[in-house]
Amino acid sequence: MALDPKDFIITRKRKKYKFALFFNSSLCFEIEEWPRNKRFDVLELGAGTGLFGVALASQNIKKQYVAADVKADRLQTGARAAEEKGLTNIQFLRARADQLDDVILPSSLSSVWVTFPDPFPKKRATKHRLTHSQFLKLYQKWLQPNGVIYFKTDAKELFAWSLEELVKAGWRIEELSFDLHESDLPSSCKIKTTYETRYTKEERPINFVKASPPVCI
Ligand SMILES: C[S@@+](CC[C@H](N)C(=O)[O-])C[C@H]1O[C@@H](n2cnc3c(N)ncnc32)[C@H](O)[C@@H]1O
């Protein structure tokens with residue numbers, strides 16, 4: 001039975017209201033609902049509102065996009081924007097990054113975007129960083145042979161650490177910038193996420209890397 005978001009407005013429970021919107025949207029899925037052999041092309045991980053994915057999907061309607069995040073109340077923002085635009089090539093998946101291996105087919109993705117992930121600054125929490133070598137192994141498994149990851153962050157230390165993780169694991173750096181929006185990189189790399197819009201207003205430089213997986217011989 002569908003939930004009525006208006007019931008939640010009356011109780012002023014804003015978060016529950018947003019969960020109801022997620023629950024009722026035909027573009028939103030819990031990981032258990034996601035069909036196991038469903039193919040798509042581009043994943044945004046830790047997508048937050050998913051508005052960045054919506055911008056990508058509206059620019060390239062031939063590709064299928066998935067915006068994944070653990071927070072349903074954030075993802076529903078993107079789902080509503082996609083519905084308003086009539087997009088049918090993006091879906092919103094509530095899942096933790098480590099759960100996605102159950103639903104992503106090996107060698108199926110053309111790109112993975114990791115955008116402004118939580119930095120987990122404490123040393124003992126490095127395993128949660130979405131650029132940790134364990135996650136890089138997953139991305140390598142999911143990407144087509146000519147696939148790439150894109151990683152953006154304002155967090156300098158996380159970026160330096162992530163570059164080391166990439167190089168140690170044999171990834172090839174294709175593009176690199178420590179100030180994306182002042183760089184000559186193509187405008188396709190400069191579409192802003194929700195956090196990025198906030199950070200660029202504060203004049204914080206955005207770090208960016210595009211990398212391709214190690215070649216297995
Ligand atoms: C700082 S926000 C950035 C959101 C968005 N990428 C942006 O740039 O606006 C980080 C997001 O990553 C999500 N996140 C953190 N750890 C995650 C994980 N292991 N799997 C999926 N999402 C995760 C959080 O819920 C949060 O929405």
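In this predicted model, the shell around the ligand draws at least two residues from each of β3 and α7 (194–201). The most is given by α7, which supplies three residues to this shell. In total, 18 residues surround the ligand. The closest are Gly 46, Gly 48, Phe 116, Thr 193 and Tyr 195. When the shell is divided by class, seven residues are nonpolar, six are charged and five are polar.

Strand β3, one of the elements that contribute to the shell, belongs to an open sheet of eight strands. The strand order is β1-β4-β3-β2-β5-β6-β8-β7, and the pairing is mixed. The edges are formed by β1 (28–30) and β7 (172–177), each of which pairs on one side only. From one strand to the next, the twist averages 20°.

Helix α3 (residues 51–59) packs on the sheet. The strands touched by α3 are β2 (42–45), β3 (65–69), β4 (90–94) and β5 (109–115), and the direction of the helix makes about 175° with that of β3. A further helix, α4 (residues 72–85), lies across β1, β3 and β4. Helix α4 runs at about 170° to β4.

Terms used. Residues are numbered from 1 along each chain as its sequence is written. This is a predicted model: local features need pLDDT of at least 70, side-chain atom pairs count only at pLDDT 80 or more; totals for chains, interfaces and linings use all residues. Two strands pair if DSSP finds at least two bridges between them. Helices (H or I, at least four residues) and strands (E, at least two) are DSSP runs, numbered from the N terminus. Axes are lines fitted to C-alpha atoms, for helices over the stretch in contact, and angles run from 0 to 180 degrees between N-to-C directions. Two residues are in contact if their C-beta atoms, placed from the backbone, lie within 7 Å. A residue is near a molecule or strand if its C-beta atom, placed from the backbone, lies within 6 Å of it. Ala, Val, Leu, Ile, Met, Phe, Trp, Tyr, Cys and Pro count as nonpolar, Asp, Glu, Lys and Arg as charged, and the others, Gly among them, as polar.
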